[in-house]
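User: Can you walk me through this one? I'd like the ligand site and a few single residues.

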Amino acid sequence: MSIAANLEEIRKRINLSAAAANRDPKSIRLIAVTKYVGVAEINEAIKAGIADIGENRVRDGILKFPDLIGNVTKHLIGTLQTNKVKPALEHYDLIHSVDRLGLVDELLKQAAKIQRKVEVLIQLNLSGEKTKHGISPAELPGFVAKLSTSEYLIPAGLMTMGPLTDNPETVRPIFRSLREIFEDIARSLKLGPNWRYLSMGMSQDYHVAVEEGANLLRIGTAIFKAE
Ligand SMILES: *Cc1c(COP(=O)(O)O)cnc(C)c1O
């Protein structure tokens, strides 16, 4: 199987899940998570229509970006170290992993210097696993309010990681809950159209995520596997 064939398979499945949930599949963006692969594989994915790529580590992405063909939106999906905030804001378009107040402070400080608009998502930990990054729903209004004080940072939605499990159905209540929290806070803080992303769903569970309202899917293994 090639990357193009894997992508075709994934798109078919997204379309089926979207239809089952009465959603327009065009509203769902597929981020190719490229942390396991090099430039050649990424360019193959871009040729097959990928317009969004996601990296875990700031530096890994920065090393690959200059050699990519075409113009892709760059997502930082992994935990962001405070000392990497500056290059992250310079090289990425969307940061999925705002997960602590110290990071918010540094983002505000560097964004004021760099003056480049970057969308940011707040990462919630809804699985209760202590090993997972992310804040609790109770902390969310404070994070959104603080990020909103910057004219360069755009609070654009929420991200979560489901628990590792063999049964994707285990993850459904967590995805559903992320969507509810997303809608509640949009209402209570009267957030405008910039508040628009639900980043959830990976190789094992993206079909469930689509059914529960995800519009940013982060998929690596299922795209780049070699079988
Ligand atoms: C690696 C990674 C993914 C993609 O995982 P796959 O199981 O390979 O699809 C998605 N999100 C985050 C935050 C990751 O680190």
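Analyst: One definition before we start: buried means under 20% relative accessible area, exposed over 50%, and partly exposed in between, with a 1.4 Å probe and protein chains only. By that rule R179 is partly exposed, because its relative accessibility is 34%. This is a predicted model, where local features need pLDDT of at least 70, side-chain atom pairs count only at pLDDT 80 or more, and totals for chains, interfaces and linings use all residues. Residues are numbered from 1 along each chain as its sequence is written, and side-chain values use heavy atoms, with hydrogens and water left out.

User: Where is R179 placed?

Analyst: R179 is in helix α7, which covers residues 172-188. Helices (H or I, at least four residues) and strands (E, at least two) are DSSP runs, numbered from the N terminus.

User: And how far is R179 from I223 in space?

Analyst: C-alpha to C-alpha, 25 Å. In sequence R179 and I223 are 44 residues apart.

User: On to the ligand. Which residues are around it?

Analyst: V33, K35, Y36, N56, I77, M161, M202, S203, R218, I219, G220 and T221. A residue is near a molecule or strand if one of its heavy atoms lies within 4 Å of it.

User: How does that shell split by class?

Analyst: Six nonpolar, four polar and two charged residues. Ala, Val, Leu, Ile, Met, Phe, Trp, Tyr, Cys and Pro count as nonpolar; Asp, Glu, Lys and Arg as charged; the others, Gly among them, as polar.

User: What polar side-chain atom lies 2.5 Å from a ligand oxygen?

Analyst: One belongs to T221. An N or O atom in the side chain of S203 is also 2.5 Å from an oxygen atom of the ligand. G220 uses its backbone: a polar atom there is 2.8 Å from a ligand oxygen. A polar contact is a pair of N or O atoms within 3.5 Å; within protein, one must be able to donate a hydrogen and the other to accept it, and residues adjacent in sequence count only if both atoms are side-chain atoms.

User: How much of the ligand does the protein bury?

Analyst: 90% of the 390 Å² that the ligand exposes when taken alone. Accessible areas come from the Shrake-Rupley method with a 1.4 Å probe; for residues, only the protein chains shown count as cover.

User: Switching topic. Is A32 buried or exposed?

Analyst: A32 is buried, because its relative accessibility is 1%. A32 is in strand β1, residues 29-33.

User: What about N125, buried or exposed?

Analyst: Buried, at a relative accessible area of 17%. N125 is in the loop between β5 (118-124) and α6 (140-147).

User: What does its side chain reach?

Analyst: A polar atom of the N125 side chain lies 3.2 Å from the backbone nitrogen of S127. On the oxygen side, the backbone oxygen of E129 is 2.9 Å from a polar atom of the N125 side chain.

User: And G128, buried or exposed?

Analyst: G128 is exposed, at 58% relative accessibility. G128 is also found in the loop between β5 and α6. Its C-alpha is 29 Å from that of R23, 105 residues apart along the chain.

User: Which residues have a positive phi without being glycine?

Analyst: Q115 is one, with phi near 55°. K190 is another, at about 50°. Most residues other than glycine have a negative phi.

User: Where are those two?

Analyst: Q115 is in the loop between α5 (101-114) and β5. K190 is in the loop between α7 and β7 (197-199). K190 is exposed, with a relative accessible area of 72%.
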